[in-house]
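Hi,

Here is the structure I promised to pass on. My notes on it follow below.

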Amino acid sequence: MKWKPRRKRQKAIDSLLRPQAGYAPDSLRATMASYLEVLTVLQYSPATCDARADCLLKFARWCEERGLMRPAEVTRPLLERYQRHLFYLRLPSGKPLAPSAQHRLLSVVRYYFRWLVRQNLLLGNPASELLLPRLGIRLPRYTLTAAEVEKVLARPDVTVLDGLRDRAMLEVLWATGMRRSEVCALQLFDVNASVGTVFIRQGKGKKDRVVPIGARALAWLQRYLEEVRPRFATSPDAGVLFLATTGAQLSPDILSRLVHDYVQAAHVPVKGSCHLFRHACATQMLEGGADIRFVQEMLGHARLDTTVVYTRVSIGKLKAIYEATHPASRPVDPAASAEEAPTAEQLLAQLEAEVAEEA
């Protein structure tokens, strides 16, 4: 598998992957390069290899600044010192590293040392007992409502070719909850309009899955296939569904920029890009009564815990129950005096009376 790291990290990662002649075979850089080569051979995704190389390069530079050139020189106290360094590190903006970023950097170091021990390059693992930062459960910061989704979908100018293509992509994002990389990798034959399904090949974790797609998104896709794609396609045609104006395959970064611009142009009070539609798909399905395991299958989550997060965002049912049961949710005239305002006991009695009448 050919590894093509992101261009912005190319120079830094090359210095780690291809150590200079001055590095000994048992040095940090040489063993890290061997570890990354093993990941590539084991069919880890290029994105995973890219991310781990970046984390290892940061650790290697920190060690070299302190005269540590070989893995055998790294001890548990030194790793704990590196952990404190990450905790107190400040970004150019003055903000600290997020706990998730600290967790990721330390996790990759632990993977690296575990591999060294398995290869008998180290007698003991200094990172085996290293405690990682605790991660809280983060909810999506922004979630689009159905009305806000419609506002974003209306932004592309469907009278021009690229606008019609963008509308079709937005419809697919919302209808299927696909990741941006999965949308960009779609092939023509992956969409089965007759049965209303999309075959997602080698999604995250190299897992295939089939998801339904609505008639509305299929209608926009049909327009794109008939009016736009033949004009964008160049010979030889690789069969990619969504094409750039040059005939090349759209990259995930370009798709994110397009979606971000449409979200900004719609003037909705949210920030984000492609993942906003993934969040919207999940929360709106749950609010519509979908079972959480079907939503898990739709999104391609390996663990149910990842999908459960959306149940905490989708509070429509909880809000309805709250308004029907909690006395504080009852409307009160703010102009009424404190003596005239009903008490909690009175509101509760009123609620019980209404329930009795309905029964």
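**Salt bridges and a helix**

R66 forms a salt bridge with E65, with 3.3 Å between the closest N and O atoms; the term stands for a side-chain nitrogen of Lys or Arg within 4 Å of a carboxyl oxygen of Asp or Glu. R66 is partly exposed at 33% relative accessible area, while E65 is exposed at 63% (buried is under 20%, exposed over 50%, partly exposed in between; 1.4 Å probe, protein chains only).

Please keep in mind that this is a predicted model, where local features need pLDDT of at least 70, side-chain atom pairs count only at pLDDT 80 or more, and totals for chains, interfaces and linings use all residues. Residues are numbered from 1 along each chain as its sequence is written, and side-chain values use heavy atoms, leaving out hydrogens and water.

The count comes to 15 salt bridges. Among them, R216 and E150 meet at 2.9 Å, N to O. This pair links distant parts of the chain, 66 residues apart: R216 lies in helix α9 (residues 215–227) and E150 in helix α6 (residues 146–153) (helices are DSSP runs of H or I, at least four residues, numbered from the N terminus). E150, R167, E171 and R216 are linked in a network of salt bridges.

Now to α5. Its buried residues, including L105, Y112 and W115, pack against α2 (28–41), α3 (46–65) and α4 (76–88). In α4 sits Q83, which is buried at 19% relative accessibility. Beyond its neighbours within four places in sequence, Q83 is in contact (heavy atoms within 4.5 Å) with L106, L130, L131, L132 and P133.

Best wishes

Conventions: Helix = DSSP H or I, 4+ residues; strand = E, 2+ residues; numbered from the N terminus.
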